[in-house]
Amino acid sequence: MTPSSDVIDDAPKPTDSRGSEATGAATVSATLGGEQKRSVEQLALLLFIIVPFLALIAAVPLAWGWGVSWLDLGLLVFFYYLGCHGITIGFHRHFTHGSFKARRPLKIALAIAGSMAVEGPLVRWVADHRKHHKFSDAEGDPHSPWRFGETLPALMKGLWWAHIGWMFDEEQTPQDKYAPDLIKDPTLRAISRQFVLWTVLSLALPPLIGGLVTMSWWGAFTAFFWGSLVRVALLHHVTWSINSICHAVGKRPFKSRDRSGNVWWLAVLSCGESWHNLHHADPTSARHGVERGQLDSSARLIRWFEQLGWAYDVRWPSRSRIDSRRNTDEGASRHRKAPAEAA
Ligand SMILES: [Zn+2]
Ligand SMILES: [Zn+2]
C-alpha cells in the first residue's frame, strides 16, 4: 500500500512495507516508556481504563444517593470539553494532520489541553493516528474493528480491539518514523515526556477547585469523583468510539478506502469528530461536519482562533472540494452494510 497524503506534507513518509515496523536506532524518545510499553506502563494503562469505568458504573446510584451539585456538573462539563478539544483541535487536526497553523502560545496550550485528556503522550498519540490513516482498516492499522474478519463474532471481537484492546498491543508505532516533526521540537517533546504531570494536573484541578469553592473535603471528594474520574472515563469511551463505532457503522456519503462512517449521535460528545467518513475522505480538512446542521464544535473554535489571529492557513474545505469527494460509484455500496441512520 502506498503512503497516503493524510499526514502533513513535511513529515517524512514511511518507506518500509506494512507490518514490518523496524524500530531501528531510535533517536530521542518522546515518551518515558520509549518504543516498548513496559509491564508497569501496561498495568497503569489497565488501571486507567478500569478505575474510571468502575467509577462511571457507580455513578448512577451515587447520583441518586448523594445528588450531584451544579459545581460538580460544571467541573465535569468544563474539563470534559477542555480535554476533548485539546485532543480534537490540538492532537488531531493540528498536530496529526496540519489542518491549520497555530501561533506558538496556542500550539503549546493545545498540546497541554490534549495531554489533560489522559489519552497518552502527544507524540505517541500522533504517531498511532498517522499510522491509522496510512493503513486505515487494512493490515497495519493499529485499531481497525475489521481486524479479525467480517463475521458477527469477528466484528464483536474487532470492536473490542478497536475500542480498547489495541492499546495493549506490544507492537508500537515507531515515533521517529511517524512523528519526527514533533520530536524535533524541544518544547513539544518536553510536553510529551511530561505526560504524568499533565495527568496529575488533570485529575487534581477539579477537587482543588471543588474543595476551595465549598471549603470542604467532601466538596473536594465529589468534585474529584465527577470532575476527574467520571469525566475521564466518559471522554475515553467517546474517543475510543471514534476508532470502534465510527469504523463499523454510520453513513458513508464520501469516498474513502476504509469503513469510516458519519455517526450523528456522537457529534456533540466527540466535539465534531464523529463525522469520521468525511475526515477519512479529506483528512487535512479543518472541518469534519461539512454539511448543514452537522455540529462540529472543534471547527467553530478553530474559526474563532482564526478570527483572533491565533490560527492561520486554515484548510477550510470549499464546496467544490467537498462535492468532488462524494460517493457516487456503485462499488461504494459494498460498504453500506450498516443500518442507515438519520442524519
Ligand atoms: Zn479513523
Ligand atoms: Zn485523523
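Trainee: How much of the protein counts as buried?
Mentor: A residue is buried if 20 or more other C-beta atoms lie within 10 Å of its own, exposed if 12 or fewer, and partly exposed in between, with C-beta atoms placed from the backbone. Here 44% of the 343 residues count as buried. Keep in mind that this is a predicted model: local features need pLDDT of at least 70, side-chain atom pairs count only at pLDDT 80 or more, and totals for chains, interfaces and linings use all residues. Residues are numbered from 1 along each chain as its sequence is written, while chains are lettered from A and ligands numbered from 1 in the order in which they are written.

Trainee: And how many helices and strands are there?
Mentor: Both are DSSP runs, numbered from the N terminus: helices are H or I with at least four residues, strands are E with at least two. The protein has 13 helices and two strands.

Trainee: How do I describe two packed helices?
Mentor: You give the angle between their axes and the distance between the axes. The axes are lines fitted to C-alpha atoms, for helices over the stretch in contact, and angles run from 0 to 180 degrees between N-to-C directions. Take helix 2 and helix 10 (residues 217–243): their axes are 8 Å apart, at an angle of about 35°.

Trainee: Which residue classes make up the contact of helix 2 with helix 10?
Mentor: Contact means C-beta atoms, placed from the backbone, within 7 Å. Among the residues that meet are Leu76, Phe79 and Gly83 in helix 2, and Trp226, Gly227 and Val230 in helix 10. By class, this contact has 13 nonpolar, four polar and two charged residues. Nonpolar covers Ala, Val, Leu, Ile, Met, Phe, Trp, Tyr, Cys and Pro; charged covers Asp, Glu, Lys and Arg; the others, Gly among them, are polar.

Trainee: Which residues of helix 12 are buried?
Mentor: Ser298, Ala299, Ile302 and Phe305. They cover an arc of only 115° around the axis, so they sit on the same side of helix 12; the arc is that of the directions from the helix axis to the C-beta atoms. Trp304, Gln307 and Leu308 are exposed on the other side of helix 12.

Trainee: What do the buried residues of helix 12 pack against?
Mentor: Helix 2 (70–96), helix 3 (104–115) and strand 2 (311–312).

Methods. Two residues are in contact if their C-beta atoms, placed from the backbone, lie within 7 Å.
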